[in-house]
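Hi everyone, thanks for coming. I'd like to walk you through one model today, so please have a look at it on the screen.

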Amino acid sequence: MSTEQHVADAALAVVRRNTDAHVRASASQYLEEWTKTDGAWEIYSSWLQHQLDSFDKHNGNNNNDEEQIGMQLLCLQLLQAKIRREIPRGTNVNPILERIHHSLARLLVVASNHGSARHIALQPASICYAALSVRCNALNQIVAQMTNIHPSEGDVPPVAALRVLSNLPLEVDACADLTTANVTELLWPFVEKIMEVCGHFMQQEVAASATEVLQQWTQCCHVSLSQLNIPIGENKVVVLPILVHILSQQQYSDEELPVKASKCLVEALVNPTDACTDARRVSCEALLHAISTGGFISAPLHFATSQGWEDTCHALTSVLCTLVTEEVDYCVTTPSDALLNLLLQVQNHPQIKVGCLVLECWLTVQDIPTAQRHGNWKAPLFKRVVECLMNQMAYPSHFVNWEEELEVDESEFEEFRQMVRDVLISSYFLLRTDYVKSLAQALILTQQHSTSWVVEEAALYALTVSSREVCARIKARGGGTLASRDREETTQIILSLAQHLCGTDQTAAIQSMLSRHWLVLSGACDLIGAYSAAWSTKCTPESIYQLLKCLCIALSAHPMVEQAASWALRSMMIGCAPKLVADSNAHQAVPQYAKEAMEDVLSKQDEQSMVNVAEGCTRLVVQIPDGATSQRAISVLVASVVHRCDAALLLVPVTPESGFSEQASDAVEALDRYLRVLQVIVRFCERNDSHPASDFLNVLWPLLETASQRLVPYDSQLKKVLSIHEQLLKNMPSLVAPHFESTAKYVVRIFETRKDPNAMAYMATAVESYGDKNVFDFEKLLSHLFGVLSPLLSSNPLSESCDLIAAFYKLCIRYLIFCPGVTARSSVLPDIVTLAVVCLSECKGERESTRECFGFLTKVYGWRTLPISEEGKVALQAHAQRLDEVLVQNGAKLIRSSMEILVGGSPILWAAGSDCVFSVVSASSGWPASNGHHSTNIARQWLESVHTKQEHAAAYNQVVHLLLALCNGGSKNKAKAKLLLSDYSSICKGEASVDALLSYSLP
């Protein structure tokens, strides 16, 4: 069987629907390998001729067989890839390429004149023809042929010629040897002729194709808006009015034409080459006039909306928004009534993505000082903008929850609300009191007239997102009369709003909001929490407690409101703590309220709600001035959690394998939540004076001892127990010191049996807390932990133990800083250093483990410059010879591994790798080379031992020379050395040229 028949069979196997997957993969692989051979050109030429003969034989009525069509498209795609891959620009045409070029031209004619089956091949054929023409120095000839607006019989028809013209700039841009500037320079001589041809055909049936040509050439040649508005050619064709006419029509047959015309205008608008010129100003005035009088944008947008053409709506809106953002300095100086009405109309568009585009316009307008704007672009406009946004960001009136919502996409809706925030905040800065007043009135009127809840919720959201700015206004001091008046009025509105939301009967108020919708109650909670700074400044403690009570009631009102209420409670307790603890009744009221809030939330099932309230309560009670009261309050908080933990522990099976009843499963889940709450309480119960935890530790410690033994088989719960131990060690080392030795032995046993990284984290904290105290044999501990870890790492791939490696080298860094003497004399130090170097290559660039290994090696090589105590420096200096010997043994491999990561690893590791290389070279630059040459040093020897690709060798040699010079200059050159290594990494990745190194040679 001939190669040509093999190729045909393989192509048929690829496109046939019922081909077995394995056969299709084999056929595809065969075609990929075949098309790379030199003999493929001849077969492509033969195949094209066969197709043309077949078309002629059937007089244009060749069957529309799906498989034959598929084969044609596949072969044309393979030919297109081969041309781009193997024919460089400037290639002289040989006989085979000339035949292919001629056949493609004939195929364009045939594909344009016959049925839809052949018309499908028009685009891939035009791409092949354009690609071959560009690379074979036929650009002038092809442009001349394709721009003939009166083709003779046998010439390429306009529909195909326009396809070729639209692909020409793309093919020029695809040439790897051309920069962006080269592409523009090469294409620019043809721009006027292209624009003239497009202007001619944009008024005919092929308008969509002509518009696409104009868009591609506008983009690649950076044609400006004013250039589109210049008469061109003998017929003095002006393209801009034609585009305006296209985008002013009231209906279209399909989306293609308005979308392409819109993209063309956007490309011209964003081109700044004609900025601030009279010609551009005239062009912009023409567009604004068309909006006012000719239905420009508005008419096609209305039609596209009625047809559900999302892409068209988006493209048309892009034109409008680009016009405003690019020409905002001019637009805001004119009344622009029609433009503003159209912008507001688009802002209310039913498609959220379309409305999102307009948001940038409002932000851009707000960047212009109001003194430079026409009155139409000032406060009255932004009142209307806020009203539009209120409508568009409102939930559907039938909304229940996102699980049941079918009409609105949750991600789009939430994204829009996030984008609206900036516009609302900027509107507040312009409107000030009017903004707050209008939203408060909308909120109150909605409740009074029982109108739709969505307006009420949207008003709450708008007030919440601007809370920080409103609170800053309320808290501000000084300012003129107008500022003071605005501040007082804003304060009164916000305070009356709080009274309106909570009322005198908090329970009734909560139920009233909930009856309208749970989102209204959730929004009210968000607002109360967001304005905590205002309440702390302007409210009495009694009023604050009323707000807190309201939130506590809301916490139990509806499951969907729990997190909003708990977050508001947290914000209120943190933000209002200074006001509450300063009250004369604080020693009674604060602990009592904290206890009630904690009891309320512990009865819930949501862990995040528990954590929020626990943090708020803890950070509130630790600020009570009286230390004894604060200690008792903390103890009460802990006791309520410990009591529940004890009850849950009784129901937890001894081992998970012993089986779980539903009750036991619930107990394990509850215990997990309660331990998380204890973590939070321990974390935030710090004070500068006598520690408030001294009493609660007596309450907590029995639970920790029990849980430590009982929860060993339960990973999640054990992790939290270890975390609580670690947090206690960080916050109150003096209080837990009596228990430390027994706890440390327990944690070591956990590590021995479970190889848990959290156990290592506890030990790292212990070294930091007690490393300089004679309370534990830390030298023996280091040797023991390494002895446990080493067999595990040697028996499994290091990449499977990255979490353990990261935890271990975090521990080693603590040892080096807080126990330098222990580290220097440790018998396992050489093995620890060697393992860290091995991990750099074996962990395969895993972020945390690689970063920690780099951190440890950076510090151990730079031990002479570590920021540690004088006693620590003396201890390290006593073992200087041993340390340097260890470092010399691993230096060469460390440099090689570091450079491999810098060249081929993730950019996120470049900083750590550069730090390490600088540390190694700086430390070793004074050591003699191991080969005995006195003219060099060991640092240069290590750097020169790195293997680099041939194309990077010259750059690397420059880097070595520059790096050694920088390292000899000391730590002041560290930042520059890191930039040097980063630039070298970019050079190796092809993201920068060698010229980037020139600046480092400057003094």
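A word on the ground rules. This is a predicted model, in which local features need pLDDT of at least 70 and side-chain atom pairs count only at pLDDT 80 or more, while totals for chains, interfaces and linings use all residues. Residues are numbered from 1 along each chain as its sequence is written, and side-chain values use heavy atoms, with hydrogens and water left out.

So, what is the protein built from? It has 52 helices and 0 strands. Those are DSSP runs numbered from the N terminus, with H or I and at least four residues for helices, and E and at least two for strands. Along the principal axes, the C-alpha atoms fill a box of roughly 100 × 90 × 65 Å. The accessible surface is about 44,100 Å², and 50% of that belongs to carbon and sulfur atoms; the areas come from the Shrake-Rupley method with a 1.4 Å probe, and for residues only the protein chains shown count as cover.

How much of the protein is buried? Of its 1003 residues, 54% count as buried. Here buried means under 20% relative accessible area, exposed means over 50%, and partly exposed is in between, with a 1.4 Å probe and protein chains only. As for contacts between residues at least 6 apart in sequence, 74% join residues at least 24 apart. Contact means heavy atoms within 4.5 Å.

Now to two pairs of helices. Take H34, residues 586-602, and H35, residues 607-621: their axes come within 9 Å and cross at roughly 170°. The axes are lines fitted to C-alpha atoms, for helices over the stretch in contact, and angles run from 0 to 180 degrees between N-to-C directions. H34 and H35 are therefore roughly antiparallel. The cut-offs are under 35 degrees for roughly parallel, over 145 for roughly antiparallel, 65 to 115 for roughly perpendicular, and oblique for the rest. Among the residues making this contact are Val 590 and Met 598 of H34, and Val 613 and Cys 617 of H35. By class, the contact has 12 nonpolar, 1 polar and no charged residues. Nonpolar covers Ala, Val, Leu, Ile, Met, Phe, Trp, Tyr, Cys and Pro; charged covers Asp, Glu, Lys and Arg; the others, Gly among them, are polar.

The second pair is H39, residues 715-731, with H41, residues 757-770. Which way do they run, parallel or antiparallel? Their axes come within 9 Å and cross at roughly 10°, so H39 and H41 are roughly parallel. The contact includes Lys 719, His 725 and Glu 726 of H39, and Tyr 762 and Thr 765 of H41. Its residues divide into 7 nonpolar, 4 polar and 3 charged.

In H25, 12 of 13 residues are buried, including Trp 453, Glu 456, Glu 457 and Tyr 461.

H18, residues 310-326, reaches 24 Å, close to the 24 Å expected. With 12 of its 17 residues buried, H18 is largely enclosed by the rest of the structure. Cys 313 and Cys 321 are among those buried residues, and the buried residues pack against H15, H16, H17, H19, H20 and H21.

Lastly, some single residues. Ala 10 sits in H1, residues 3-15, and is buried at 7% relative accessibility. Leaving out residues up to four places away in sequence, Ala 10 touches Ala 27, Tyr 30 and Leu 31. Its C-alpha is separated by 88 Å from that of Asn 585, which is 575 residues away along the chain.

Cys 802, in H43, is buried at 9%. Apart from neighbours within four places in sequence, Cys 802 contacts Cys 843, Glu 846 and Ser 849.

Asn 137 lies between H7 and H8, has phi near 60°, a positive value in a residue other than glycine, and is exposed at 54%. Lys 755, between H40 and H41, also isn't a glycine and has a positive phi of about 50°; at 24% it counts as partly exposed.

Note on methods
The expected span of a helix is 1.5 Å times one less than its number of residues.
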